[in-house]
Every structure is written in C-alpha cells, then in structure tokens.
Amino acid sequence: MEYLSTDKILVIDLATSKIEETALDESLVSEKIGGAGITKHLYEKHLNDDPIVIGTGLLTGTTCPASASGLITAKSPVTGKMCHCPVIYKVGIEIKFSGYDYIVVKGVSDKPVYLWIHDGVADISDASGIWGKDVWESTDSLRKFMGDDLLQTMMIGKAGENRSDYAQICYNYWSSPDRFGLGKLFGSKKLKALAFRGMGLIEVADHENFVRRSLEILKEIKTNDFMTKKGIAEIASAMGEAGVEEWLEPIVHRHSADYFTPYATNTAVFLDEDPKRVEESKVAEPGVLISDVLALLAFKKLGLSAEDAGRALKACAKYGIDPAAVAELSGKSSLKEIVDSFDGLSGTVTLKGKGSFSPWCPLKPIFNDFGLSGDAAEAEAWWERRQAVAMIFGIQPIFSVMCPELSEENMLELAAIGTELDLTQEILDRVVADLLK
Amino acid sequence: MGIKIDALKCINCMACEMACSYHRDDGFAFLSACIVVYRAREKQDYFGVLIKEEEFLKVARPEGLEVNRIGEAADPNKKADASVKPMLLREGCDLCEDMDDYGPMCIAICPVDAITLE
Amino acid sequence: MNLYQSNADINIKLPQGKAGYISKGNTDIRISGVPDPECRRMRYPRIGIYAGSGTSHSWLWFVDMFERMGFHAVSVLDAPAVRSGRLQQMDVLAVSGGDTVAIAEALGEDGARQLAAFITGGGVYLGACAGAYLVMNSSKPHLCHFNFAAVKITNLSKRLPTCQSMPHKFSIAYGCEHIFHPVREAVGLRLTGVPPFSGEPALLVPLYGGPGMLAPPEAQVLARYDHFTDKTVFLVDKDLAEETLISTAAALRVPMGNGQMYLFGPHFEHPHYHRANRLVADAVYWDSRRNPDECSPVARDALQLPTSESANLIHSLRRELSNSRIVAAGLEMFPVWWLIGAKAYEPEKIRVFLDAMWRRLKPLEKRGRIWARAGVPDLLMADACETTSLLRQLKNELDQGSVTDPTARTLFHLLHRNTMRFFELYFQTISNNLTP
C-alpha cells in the first residue's frame with residue numbers, strides 16, 4: 001500500500017519474542033478501508049493467540065481535520081467481547097509515524113516487557129525497571145531513558161499489573177477512552193507499555209488535491225458556533241449538564257486539542273499551582289489533563305468539589321484505572337475513600353452502547369443535532385455508526401459527534417484522493433455493517 | 001511581513017507543523033517544518049509555538065512573544081528550553097511563496113486562527 | 001526533474017569504457033561522445049573527500065553532490081590515510097569547511113608533502129572555504145607547510161571590525177590578525193567565462209566563512225563576488241562587506257605542476273545549489289587528466305558479506321540510528337552550542353551526520369549484499385550504539401543543567417568517525433554492486 005500508509009503490519013509474539021513484518025496489501029485496503037475495518041480482520045486472523053491489535057485509520061496523521069485517532073482492538077475483559085478503543089491525544093498519529101499501520105501483539109510474555117516501536121523498528125525490551133511503578137513514573141522513566149520528551153506511550157499502572165477488571169491503558173500520563181479493562185489484558189500478557197516515536201513521511205497520491213479538499217472542509221467546519229468554545233466543560237454543558245462550567249472554571253488552566261482537532265476536547269486543571277499562571281509551572285506535577293467528560297461528571301455527581309474530582313482523576317491516571325468505573329463502583333463521596341477503593345474494585349459497570357465502541361465518547365450529538373429526531377434508538381444507531389466510521393478513518397471520536405461537516409462523503413472523498421483507490425459508499429457501508437454486527 | 005502567533009489562542013494541535021512540513025516535503029511529516037509546536041513540558045501543560053525566519057527566531061510563549069536574532073548567545077541564566085536558536089539548520093520561513101492558492105500554509109490550516117499575517 | 005541526471009548518465013557510461021569528451025562551446029561547456037579539436041577526454045575519476053580532523057560537517061555536502069551526480073568511486077579519507085599515501089590512488093581530492101589550522105595540523109608536514117605530490121602529479125584539488133584557505137601561502141604554524149598558492153585574502157584585518165550579528169561565527173584569530181566573515185548565506189556571483197565555468201554568468205552560492213580572494217598572476221579567476229541577496233546575513237556593516245568582497249575572486253583555478261587547484265570562497269558543493277554543483281562537476285571532468293596507468297588501483301580489500309549478515313547489519317544500523325535521531329531531534333530545541341577546536345557546533349549538526357547515514361539505509365538495502373573491510377561492520381555498530389548512549393547522556397546533562405562540553409566533544413568525534421566508516425562501506429557497496 002503506497003499511499004496514506006507505512007505499508008507495514010507488525011506481528012509480535014510475546015511468547016516466543018518473534019517479530020514479523022508483512023506488507024499491507026492494497027487489496028485489503030480496497031476491501032476494508034482501514035482502522036477498525038482492518039484491526040478487526042487482524043484480530044480474527046490471530047484470534048487463537050488472544051491478540052491486541054493496534055492500528056491507525058486510513059486518514060490518521062494527515063491534513064484531514066481531526067485525523068488524530070488510532071485504535072486498539074482486543075477482547076474486553078469487561079464485556080468478554082471484541083471492542084475498539086480509541087487512541088487519542090498525539091499518540092494515535094505517532095503510531096503511524098513510528099513506521100507501522102497495524103501492530104498485532106499476541107501471546108504471553110514470561111517476564112515484564114515493553115515494546116519500543118520507532119522508525120519502522122520494533123524492539124521487545126525488559127520492563128523490570130518500570131514494572132511496579134505507576135503510570136506517571138513509568139512514562140517519565142521511559143522518556144528519560146530514551147532521551148526524548150515527546151515519546152508517546154500506552155502504559156498500564158498497578159491496576160493493570162494486578163489485573164484489576166477495570167484497569168485502563170493510559171496514554172502518556174493521562175486517562176484514556178479505555179472503558180474495556182484493556183489494562184488487565186496488557187497486565188495478563190506482562191506487557192507494561194508500548195512506546196512510539198518516529199520521524200517518517202506519509203505519502204499521498206494526489207497531495208495537492210488532498211490538501212485543497214482538506215482546507216475546504218476545514219473552512220466549512222470553522223463556520224460552526226462551537227468554534228468559539230473550548231474545553232470539556234462546554235461539552236458537558238452541550239450535553240445538558242448544568243453548572244459544570246462554573247464548578248470547574250476556578251481550576252482550569254488551559255484547553256488543548258488532539259492532533260489537528262479543531263475543537264479543544266481536553267482541559268488541563270491545576271491542583272497544586274495557580275491555574276491562572278501563564279509562565280511554565282515550577283511544580284513538577286501541577287495538575288491533570290482531562291479528556292473524560294463522563295468520568296468528570298460522575299465524580300461531580302458523587303458530590304466532589306472540582307478540585308477533588310481533579311485529584312481523583314489524577315490518582316486514577318497514575319494507578320491506571322478507569323475513573324468512570326471507580327466513580328460508579330466505589331460509590332464513595334470523599335477523595336480518600338475513592339482512592340482507597342482502587343485495590344479490589346469490583347462489581348458490574350454499566351456500559352452504554354453495544355460494547356464495540358467506547359462510551360467514553362458521549363452517546364449523543366454535541367453542539368449540533370445532525371438532523372436527529374430525538375428518538376433514543378435512532379440516536380444510538382447513529383452513534384454506533386458515527387463511531388465505526390471515525391474508527392475506520394482515524395477521526396477523533398468526540399469531534400465526530402459534534403461536527404456534521406466531517407461527513408462520510410467527505411472522508412471517503414479524501415481517502416480516495418489520498419490513495420487513488422476506488423473507495424465507495426457501498427464499501428464503507430459494508431465495512432460498517434461488519435463492525436456493527 | 002511575517003507570521004504572527006497568538007500563543008494563548010493556540011490549542012496545541014500541531015496542524016501548523018504538519019502543514020509547514022508538507023510545504024517542504026509534499027507528504028505528511030513533521031521534520032522539515034520551520035514552525036514547531038513546543039510541547040515538551042507535558043505535565044506542566046506548557047505549550048507554545050516557535051517559528052524560524054531567515055534572521056530571527058520567534059518564540060510565542062503563553063506569557064508573551066520573544067524575538068531573538070539567530071546566532072546570538074543564549075541567556076546563560078536561563079534553563080535550557082525553547083529559547084534562542086533552535087532549528088538552526090532548518091530552512092527559514094518563506095511565507096510559502098510557492099503556495100499561490102493559500103498563502104502561508106500554517107495560517108490556512110490553523111483551526112483557531114492563532115496564526116495570522118502581520 | 002533530476003537536475004543531476006545528465007551527469008549521472010555520463011558517469012554510468014565512463015566506467016564501462018565508453019568515451020566522453022568535454023569542450024568549451026560558444027555559451028556553455030559541451031559534453032559529447034564525439035571528440036572535437038578543442039576537446040578533452042573525460043575520465044571517471046577516483047575521488048577522495050577529506051573528512052579527518054579539523055573538518056566540520058560540510059564534507060558531507062561533497063558526498064551528497066558527488067553521489068547525486070553518479071560519481072561513486074569515492075573514498076572518505078582521514079589524516080593518517082592522506083599521510084600514508086592514499087592520495088596517490090586518487091584523481092581528485094575535495095576538502096571542505098572546518099578549522100583550517102586544525103586540518104593543517106592533522107595533515108602535518110607529511111600530509112603537505114603528499115598533497116603537493118598529488119597535485120603536481122596531475123591531481124585536481126577542490127578546496128572550499130577552509131579547504132581554500134589551507135593551500136594559500138602562510139607563515140603561520142602548520143599552515144606554512146601548505147604554501148601552494150600565492151593568493152591574498154581580503155577578509156583579513158589587523159583590527160577586528162564591529163560585529164553586527166552572530167558573534168560566535170564572526171571571526172578567528174590568525175596570528176596577530178583576524179580573519180573575519182563579513183556575510184553569511186546566499187551571495188550573487190558573476191562568472192568570468194573562463195572554462196570550465198561557463199553558461200549563465202550570474203550564480204547564487206552560500207558563503208559561510210570562506211574568503212574573498214585576490215588572484216596571483218598564474219591563476220585564472222572563474223567567478224567574482226557580484227552582489228548580496230535578500231538572504232544574505234550581514235555580520236558587519238554593509239559598506240564594509242561590499243568593500244571586502246564585491247569584485248574579489250570567489251572561485252580560482254590555480255595551476256601547480258601538472259595539476260590544478262580549484263579554490264572556492266563560497267560552498268559550491270552545497271546540496272541546495274544545483275548549478276554551482278554542476279560547475280564543480282565540470283571542473284572535475286575538465287582537469288582529471290592523470291593517466292590511469294600513473295595511478296595505483298583503488299584498494300580492493302573489501303569483502304562481500306553474506307545476504308543474512310547484510311540484512312542484519314542494516315536492521316541493526318536502522319535501530320541505532322533511529323534511537324540516536326530521536327534524541328537528536330529533541331536536542332534541536334536546546335539553546336546551546338559547543339566550541340570544538342575553533343568551530344561552533346550546535347545540536348542541529350548532530351542530525352546532519354545521523355541523517356546522512358539514515359537516508360542511505362534504503363538505497364543500501366536495495367543494493368543487496370554489503371561490501372566492507374573485515375571488522376568494519378562490528379566497529380560501525382559499536383560506535384552507533386555508543387552514539388545513542390552518549391546522546392542520551394547529553395540530553396540528561398542538559399536537563400540537569402550540567403556541563404556538557406566533554407560529552408559533546410566525544411560525541412562529535414564519534415559521529416565523525418562513524419560517518420566516515422559508514423561512507424567507506426557505502427561507496428564500496430554501491431561501486432561494487434552498480435545495479436540496484
């Protein structure tokens with residue numbers, strides 16, 4: 001596969017330490033397009049080895065607006081079914097630039113390891129130095145060892161190592177869309193982390209036309225009212241949650257976006273530093289970056305102050321546990337009790353949706369109504385399809401439920417221009433149907 | 001005429017870096033860009049934008065713009081960070097002189113209009 | 001369009017024994033398969049690039065330029081190689097930028113004798129910037145062994161002018177005097193029409209620390225500094241810069257025995273200046289006249305590695321170069337530079353060495369089995385691993401605000417050495433496996 005691709009699929013067997021590379025066939029892209037279409041295919045191909053398949057969308061890391069996401073496809077310890085977990089922040093694009101479109105991790109290692117994926121090279125490395133450390137210490141440790149502050153990681157903490165059902169894979173230092181307990185799967189394979197970095201170049205078939213259309217789509221997107229807004233509290237407000245902005249505002253530092261995502265979906269709050277400080281903080285760990293609006297709301301509903309909610313989210317991110325599950329299952333209303341509940345957290349969580357896509361992304365349109373009637377079943381079907389399409393092309397999932405201009409037609413058009421493949425609505429419908437069945 | 005950056009408007013999305021590199025490489029990458037989103041202090045949530053021009057390096061920090069003549073010695077009292085003369089060997093900004101349809105690509109692609117022409 | 005394709009085409013034919021001729025046409029140099037009365041027979045030259053002590057990274061520009069033009073019989077030489085007589089196996093020696101005195105010191109009296117024998121024996125010397133200063137008459141220690149050309153330089157002053165910009169790039173002491181650099185970056189030249197430099201009379205080239213020159217009677221001026229451009233950075237007052245450079249010689253052809261010295265103030269070999277590169281190639285064709293019988297054959301002590309060893313070596317190199325590049329890319333954001341010898345080195349230059357090797361891994365892979373002298377692959381890998389380790393150490397030292405000069409010095413030495421080693425292997429492989 002020549003365009004919008006690194007043309008490489010990596011298969012790593014942790015049991016044997018065998019590393020194989022294969023080319024990404026153009027015929028597979030013609031049939032499955034990319035992202036979840038192909039991770040599902042690879043998952044099924046390696047099913048007997050309980051695989052974790054990491055991949056990127058066909059448009060990930062391009063000039064297509066919001067082309068930020070990668071994904072992890074694996075069997076969820078929470079649902080027992082195959083699921084697709086988005087990879088956000090800047091981690092998704094780093095997967096592609098590190099030299100692989102898809103990475104299959106199969107088997108179980110007999111000792112703690114991490115995978116170092118860089119510039120088309122994959123190394124299985126000893127993780128004994130970071131096993132037992134929390135997510136933040138481990139990420140710091142890898143970045144220091146590699147000499148690179150921009151190393152992008154998928155990391156488990158103690159929850160994953162201890163195989164908690166609600167262990168979460170964290171990205172760099174932060175909580176992730178993992179509602180599926182994939183941290184437990186990492187832990188059961190003795191896989192502490194994946195670290196990505198690469199300085200590759202992705203070629204585009206008709207680059208001038210691709211960029212021209214990307215900028216036209218961006219121009220349409222910029223006519224949206226949501227372009228005057230930023231951050232997670234505004235998302236909560238758009239979901240109908242009253243009072244969140246006033247509650248959170250005193251600790252808000254800045255808002256930031258995933259790669260080329262026009263809406264800043266992430267909000268950093270400062271807990272141990274003046275949130276209004278604009279100079280670089282001298283405090284080593286002044287706060288936490290929040291991307292999980294539902295977990296934030298869940299802590300608010302337990303009666304926590306914004307600061308304590310922030311501290312709870314920070315503690316979850318360090319421990320590597322799903323904050324939404326903690327909020328639901330702990331049932332506690334004080335920060336200490338919540339943190340104390342991490343060990344031995346048990347029970348059954350409510351996962352909205354059909355279980356394939358992460359309900360970390362609100363299950364309703366945000367800022368725009370997408371022409372939906374308000375019928376619950378219609379909204380659910382719309383959300384499932386919207387998530388499937390986002391996970392095929394590599395679109396930031398929350399942005400996909402706020403931006404009608406990022407239509408299936410536009411994504412298909414860019415994919416076709418970028419690859420010179422005949423990618424039609426019929427093919428997309430077929431891939432989506434396969435993902436939703 | 002030059003590029004003006006409002007660091008407080010910036011949302012750290014890196015689109016400018018990609019677009020600039022595209023202008024040099026005709027593909028998608030980051031390494032050739034003369035505009036770079038500085039994001040190494042992730043836990044501190046500290047980010048800004050650097051742009052290398054022919055003679056000057058502009059550092060748009062949240063606390064304000066810093067313009068340095070390339071090659072002048074760094075402040076020895078300042079801790080190493082995005083300061084005086086990084087990216088020396090990258091080509092300086094040419095305002096995308098060959099991109100007639102768009103003008104500077106970083107301006108065209110910035111979703112939040114944090115980059116403008118001055 | 002590949003601007004070097006015509007040279008590359010010729011350089012495929014010449015080693016196969018096909019005849020090529022170069023002559024001065026009415027407006028341009030003419031290269032043809034048919035001889036005319038004024039023509040010179042072209043040879044496929046054996047080229048040495050000096051990359052030993054005292055050089056900066058700019059010797060890699062000569063590597064890039066020659067490779068793109070299909071000159072693949074290239075050897076990268078250090079000072080011991082020059083002193084031991086390797087030059088006598090070459091048709092051309094290229095010496096680029098760096099610290100002139102350090103180069104002279106490294107080559108020493110023996111190196112000077114070898115260089116003189118090489119040129120007087122019919123060799124072509126290409127000296128850019130420091131490489132040009134090297135062979136100019138001087139009474140200074142070390143340089144005094146290289147009094148090959150009575151060229152005067154105009155950017156020499158007893159009193160250092162006021163520096164307006166880039167103080168660490170501005171000047172170096174030269175005995176009781178100072179060599180100062182009036183401008184940097186692109187300047188405009190005017191060709192004089194003296195062969196082999198011909199074609200469009202105006203030309204842009206980058207000037208970093210090279211001289212303005214006054215030619216001795218026996219020399220031919222090939223190009224003069226004509227004007228500054230909007231890319232020119234002034235390190236001194238503009239009037240003084242004009243007075244120092246404009247109308248002085250920027251490129252000279254100076255005879256010495258049967259050979260010729262081409263002295264360039266600006267870097268004609270810089271990879272972004274294709275037209276200037278073509279002129280250098282024309283100079284090589286024009287004056288590479290040593291009879292092949294007069295030269296010893298190129299050393300052929302390289303062995304072909306088995307397929308699996310070749311693949312493993314490339315994979316291992318890719319791993320380590322990637323590890324190094326990742327750290328080096330981050331270092332680009334640090335406002336630090338190191339004085340090594342008389343030259344300022346910035347972190348960005350680390351990547352120049354690493355990228356020079358990195359971007360050749362794929363071409364090397366396509367060539368199939370690698371050719372290398374015994375032991376070279378192991379040394380190459382050991383230094384590559386050590387480079388990563390030193391880079392990570394340097395990054396940690398910078399993070400902690402520690403002194404980094406010793407680590408940087410060791411690192412650049414290592415990078416230099418290993419890049420030379422890599423290119424030895426690289427050119428041995430591509431010249432032995434001509435078809436990719």
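Predicted model: local features only at pLDDT ≥ 70, side-chain atom pairs only at ≥ 80, totals over all residues.
Colleague: How many residue pairs are in polar contact across the interface of domain 1 of chain C and domain 2 of chain C?

Modeller: Eight residue pairs are in polar contact there, with both residues at pLDDT 80 or more. A polar contact is a pair of N or O atoms within 3.5 Å; within protein, one must be able to donate a hydrogen and the other to accept it, and residues adjacent in sequence count only if both atoms are side-chain atoms. Residues are numbered from 1 along each chain as its sequence is written, and chains are lettered from A and ligands numbered from 1 in the order in which they are written.

Colleague: And how many salt bridges across that interface of the two domains of chain C?

Modeller: The rule finds three salt bridges between domain 1 of chain C and domain 2 of chain C (a side-chain nitrogen of Lys or Arg within 4 Å of a carboxyl oxygen of Asp or Glu). The side chain of C:Glu67 is in a salt bridge with that of C:Arg360, at 2.8 Å from N to O.

Colleague: Which elements of chain C supply at least two residues of the domain 1 side there?

Modeller: Helix H2 (59–68) and strand S5 (74–77) of chain C each do so (DSSP runs numbered from the N terminus, helices being H or I of at least four residues and strands E of at least two). H2(C) provides the largest share of the side of domain 1 that touches domain 2, namely five residues.

Colleague: How many residues meet, and what area is buried between the domains of chain C?

Modeller: Contact (heavy atoms within 4.5 Å) joins 21 residues of domain 1 of chain C to 21 residues of domain 2 of chain C. The two domains of chain C bury about 1800 Å² between them, with carbon and sulfur atoms giving 66% (accessible area, 1.4 Å probe, that two parts lose on being put together, summed over both).

Colleague: Changing topic, what about chain C against chain A: how many residues are in contact?

Modeller: Here 14 residues of chain C are in contact with 14 residues of chain A. The area buried between chain C and chain A is about 1300 Å², and 53% of it is on carbon and sulfur atoms. Within chain C, the residues that lose the most area to chain A are C:Arg319, C:Ile326 and C:Arg392, which together account for 41% of what that side buries.

Colleague: Which polar interactions join chain C and chain A?

Modeller: Three salt bridges are found across the interface of chain C and chain A. One pairs A:Asp149 with C:Lys395, whose closest N and O atoms are 3.1 Å apart. Seven residue pairs of chain C and chain A are in polar contact, both at pLDDT 80 or more. On the chain C side that touches chain A, helix H8 (307–331) and helix H11 (376–400) each supply at least two residues. H8(C) gives the largest share of that side, nine residues.

Colleague: Which residue of chain A meets B:Glu42 in a salt bridge?

Modeller: A:Arg143 does, with 2.8 Å from N to O between the side chains. Between chain B and chain A there are five salt bridges, and 20 residue pairs are in polar contact, both at pLDDT 80 or more.

Colleague: Which residues is A:Gly187 in contact with, leaving aside neighbours within four places in sequence?

Modeller: With those neighbours set aside, A:Gly187 is in contact with A:Trp131, A:Ile156, A:Gly160 and A:Arg163. A:Ile156 is 31 residues from A:Gly187 in sequence, and 7.4 Å in space from C-alpha to C-alpha.

Definitions and conventions. Heavy atoms only, no water.
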